[in-house]
Amino acid sequence: MVLHICGYENCVYSTSKSGNLARHILTHTGVKSYVCGICNESFARTDTLASHMQTHTGVKSHVCTTCNKAFSKASGLARHILIHKEQQPHM
Ligand SMILES: [Zn+2]
Ligand SMILES: [Zn+2]
Ligand SMILES: [Zn+2]
């Protein structure tokens with residue numbers, strides 16, 4: 001079995017398939033073929049770009065169960081929920 005080893009510094013990647021190595025090398029060479037048309041940020045994978053696009057398209061999948069305010073990021077909702085917690089009287 002021939003082992004193909006990534007020659008990049010600080011990388012321990014190795015594989016028995018040369019095709020896998022070629023794909024892995026792309027993560028080093030910075031070839032990112034998926035570019036966001038709005039902010040020009042580029043991504044190596046289409047699914048990464050898709051999830052990034054949600055921050056632009058206003059797809060807000062995180063909804064506050066208390067006031068129905070929607071947020072595009074889970075972190076935004078988490079921060080928002082604190083508002084309600086502070087408003088609640090101590091029991
Ligand atoms: Zn590598
Ligand atoms: Zn963008
Ligand atoms: Zn709320």
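## Asn-10

Asn-10 counts as exposed, because it has 5 C-beta neighbours inside 10 Å. The scale works like this: a residue is buried if 20 or more other C-beta atoms lie within 10 Å of its own, exposed if 12 or fewer, and partly exposed in between, with C-beta atoms placed from the backbone. Asn-10 sits in the loop between β1 (4-5) and β2 (14-15). Its phi is near 65 degrees, a positive value in a residue other than glycine.

## The model and its numbering

This is a predicted model, in which local features need pLDDT of at least 70 and side-chain atom pairs count only at pLDDT 80 or more, while totals for chains, interfaces and linings use all residues. Residues are numbered from 1 along each chain as its sequence is written, and chains are lettered from A and ligands numbered from 1 in the order in which they are written.

## The overall layout

The protein chain has three helices and six strands. Both kinds of element are DSSP runs numbered from the N terminus: helices are H or I with at least four residues, strands are E with at least two. Starting at the N terminus, the order is β-β-α-β-β-α-β-β-α. The radius of gyration is 21 Å, well over the 12 Å that the globule rule gives for 91 residues, so the chain is more spread out than a compact globule. That radius is taken over C-alpha atoms, and the rule is 2.2 Å times the number of residues to the power 0.38.

The C-alpha trace spans about 65 × 35 × 20 Å along its principal axes. Of the 91 residues, 0% count as buried. Among contacts with a separation of 6 or more, 0% join residues 24 or more positions apart. A contact here means two C-beta atoms, placed from the backbone, within 7 Å.

Helix α2 covers residues 46-57, twelve residues in total. Its end C-alpha atoms are 16 Å apart, which agrees with the 16 Å it should span at 1.5 Å a residue. The expected span is 1.5 Å times one less than the number of residues. Just after α2, Gly-58 takes a positive phi of about 75 degrees.

Helix α3 (residues 74-87) has 14 residues. From first C-alpha to last it reaches 21 Å, close to the expected 20 Å. Zero of its 14 residues are buried, so α3 lies largely in the open.

## Asn-68

Is Asn-68 buried or exposed? Asn-68 is exposed, with 7 other C-beta atoms within 10 Å. It lies in the loop between β5 (62-63) and β6 (70-71). Its phi is positive, about 65 degrees, although Asn-68 is not a glycine.
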